[in-house]
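Let's take a friendly walk through this model, one region at a time. Keep the structure open beside you as you read.

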Amino acid sequence: MSLLRLNQAELAYGTQHILKDASLQLERGDKVALIGRNGTGKSTLLKAISGEIELDDGDLWRAPGLVVASLSQALPDPSDRTLIQEISAGLPSIASGEENSGDWHTQYKVERMLELLKLPGKQTMAASSGGIRRRTMLAKALVGEPDILLLDEPTNHLDIDAIEALQQTLISLESALVLVSHDRTMVDLVASQIVELDRGKLTAYPGNFTTYLQRKAKADAEEALHNRKFDQILAEEEKWIRQGIKARRTRNEGRVRRLEGLRKTRAERTQKQGNVKLSLDRSERSGHLVASLEDVSFGYETPLIEHFSTQIMRGDRVAIIGANGCGKSTLIKLILGELAPTTGSIHRGTKLQTAYFDQQRSALNINETVRNNVSPGSDHVTINGKTKHIAGYLADFLFTPGSLNLPVAKLSGGERNRLLMAKLFTQPANLLVLDEPTNDLDMETLDLFEELLGDYPGTLLLVSHDRAFIDAVATSTIVYEASGGIQEYVGGFSQWQRQKKTLPADLGQSSASANQSQNASNATAAPRKKRLSYQQQRQLNALPEQIESLESEQTALSAQVSDGQFYQGDEDSVKTTLARLQAVSQEIESAYEQWEKLSMLE
């Protein structure tokens, strides 16, 4: 059943086209992930679908009686309303004054949302954390059982448990869904269709995010090839028209009209938004030891950390995972020396220089301009000993010259994150502390950020709910367990998940001890864990070096293909290089799969 149709939609702010001859259709049960670069207009499109703003041109048809519910990026202001009252306002009947909020059916719907999202219903919005207010607004959007649900970055301010609960809710949702999210894991698991907003156009890709990446890479390559051929033809025609008097006397008018058409087409071509260019100002190396915690405890009225020990060495990349309010920020403050432990000891290393990325972006002055936030009172910044003009430096973070004098208050969430990166990366640092750095960033910037951190020679402390980001960056993970203890695991999020599945999740320490004798008696009946053969062990040992070699070859080939002169070379050589690049990518993927498979048997 068709719920909504967008046809030849046009929408612009000034000279920026948000929608340009864009079309979209939503059917009941569709789960659409809307993706695109920061600033392309994804949030604006959601507002057009919900009816908050009108199109400049084109048609937007909605089914009669259609109910649309939205969750915006921005957190609601604190208020004296209880969470129950806030959620109840999401029921269309209560919002219109037709139903009493004390009605049993209404109460059931609200209580179901409270249970689903683990919300303290009698608590006020003013007394609630950002994560609780976010979950409350999500419950408010869900409780009315809308025909279309529009979610704009719903995972911001949520912890991993809340994200996974939301994920399951969205998978089982009967309503049509349009989801804007930087959470690649959620998008991959929830979406049945990817719709990309790029230069005003909407392009649909059936399937999940992984399928989209494969099809998008092919589409980008075809577009680049088409543009190169077009530009070559245009250059030849321009050369012809500029020939001498004799040539101009004999030129045919049809060819002239063709050249005019080519020029018009080239002028109307909208260039893809560039990528952020990220680089860190690196300071001198810290000492080999960054921090050593011995039997550390800390708390206020209730303990947040009890008898925790760990060592963080130079070059470690440590992710910290846990529910909102469990004490992740407290642990970081203890490591940095901003708090003293109640019991235990902490020894910090030498020559530490820290740069702190705060999820609240408190390092940004929202009343100041973009330029003054990064380089107050100066037109230049110095990165790794090289001086650069502020306009050129901020252009690396996709800020145009016209935006440099804008107050930060006028920037979007993604723009503020990029600005905070720009400010942070001017500081020499050998210890990076990143508190939810991925909020509001587009996926291309996330990929580049991961690459930057992969090459960073210093130490990283990361608080994040982005599971894919943790997997890509972390070498170890400190987890605040549901039981209240803190455990450290090797690897990122996926490795932690695999390790914790070795014991039943619902068994506490006492029940595990009680069952120990029973487990011992059943040991003979249990299947033995497979062991690596000699040949498999040799293969596992060789894989890291093999992968490194393949990735080096991939980097060299990619640089070769990206060169502007590459496609001007010999046609057979071009085909051979492209084929090898594709083959290397497949070999790397296969090697990683084999590594993971053998590692599980080790």
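## A salt bridge across the chain

In a salt bridge, the side chains of Arg 184 and Asp 447 come together at 3.2 Å, N to O. Please keep in mind that this is a predicted model. Arg 184 belongs to helix H7 (residues 184–190) and Asp 447 to helix H15 (residues 443–455), so their contact ties together parts that are 263 residues apart in sequence. Arg 184 counts as buried, at 10% relative accessibility, whereas Asp 447 is partly exposed, with a relative accessible area of 38%.

## Two further pairs

A search of the whole structure turns up 15 salt bridges. One of them joins Glu 86 to Lys 140, with the closest N and O atoms 2.9 Å apart. This pair links distant parts of the chain, with Glu 86 in helix H2 (residues 83–88) and Lys 140 in helix H5, 54 residues apart. Glu 86 has a relative accessible area of 7% and is buried, while Lys 140, at 21%, counts as partly exposed.

Arg 580 and Glu 553 also meet through their side chains, at 2.8 Å from N to O. Arg 580 is in helix H21 (residues 571–601) and Glu 553 in helix H20 (residues 534–562), so this pair ties together parts 27 residues apart in sequence. Arg 580 is partly exposed, with a relative accessible area of 28%, and Glu 553 counts as partly exposed at 28% relative accessibility.

## Helix H5

Is helix H5 enclosed or open to the outside? Of its 14 residues, 13 are buried, so the helix is largely enclosed by the rest of the structure. H5 covers residues 130–143, and at 1.5 Å a residue it should span 20 Å; its end C-alpha atoms are 20 Å apart, which agrees. After H5 comes Glu 145, with a positive phi near 50°.

Strand E8 (residues 193–198) has 6 of its 6 residues buried. Gln 193, Val 195 and Leu 197 cover one side, and Ile 194, Glu 196 and Asp 198 the other, all of them buried.

E8 runs parallel to strand E3 (residues 31–35), joined by 4 bridges, and Ile 35 stands opposite Glu 196. With strand E9 (residues 201–206), E8 pairs in the antiparallel sense over 6 bridges; here Glu 196 stands opposite Thr 203. E8 and E9 form a hairpin with 2 residues between them, and Arg 199 in the turn has a positive phi of about 55°.

## Nonpolar cores

The largest nonpolar core holds 43 residues, of which Tyr 393, Leu 394, Leu 419 and Phe 449 touch the most other members. Helix H14 (residues 413–424) gives this core its largest share, 5 residues. Another core, of 39 residues, lies apart from it and includes Met 137 and Phe 209.

Methods. Residues are numbered from 1 along each chain as its sequence is written. This is a predicted model: local features need pLDDT of at least 70, side-chain atom pairs count only at pLDDT 80 or more; totals for chains, interfaces and linings use all residues. Side-chain values use heavy atoms; hydrogens and water are left out. The expected span of a helix is 1.5 Å times one less than its number of residues. Buried means under 20% relative accessible area, exposed over 50%, partly exposed in between (1.4 Å probe, protein chains only). Two strands pair if DSSP finds at least two bridges between them. A nonpolar core is a set of buried Ala, Val, Leu, Ile, Met, Phe, Trp, Tyr and Cys residues joined through side-chain atoms within 4.5 Å. A salt bridge is a side-chain nitrogen of Lys or Arg within 4 Å of a carboxyl oxygen of Asp or Glu.
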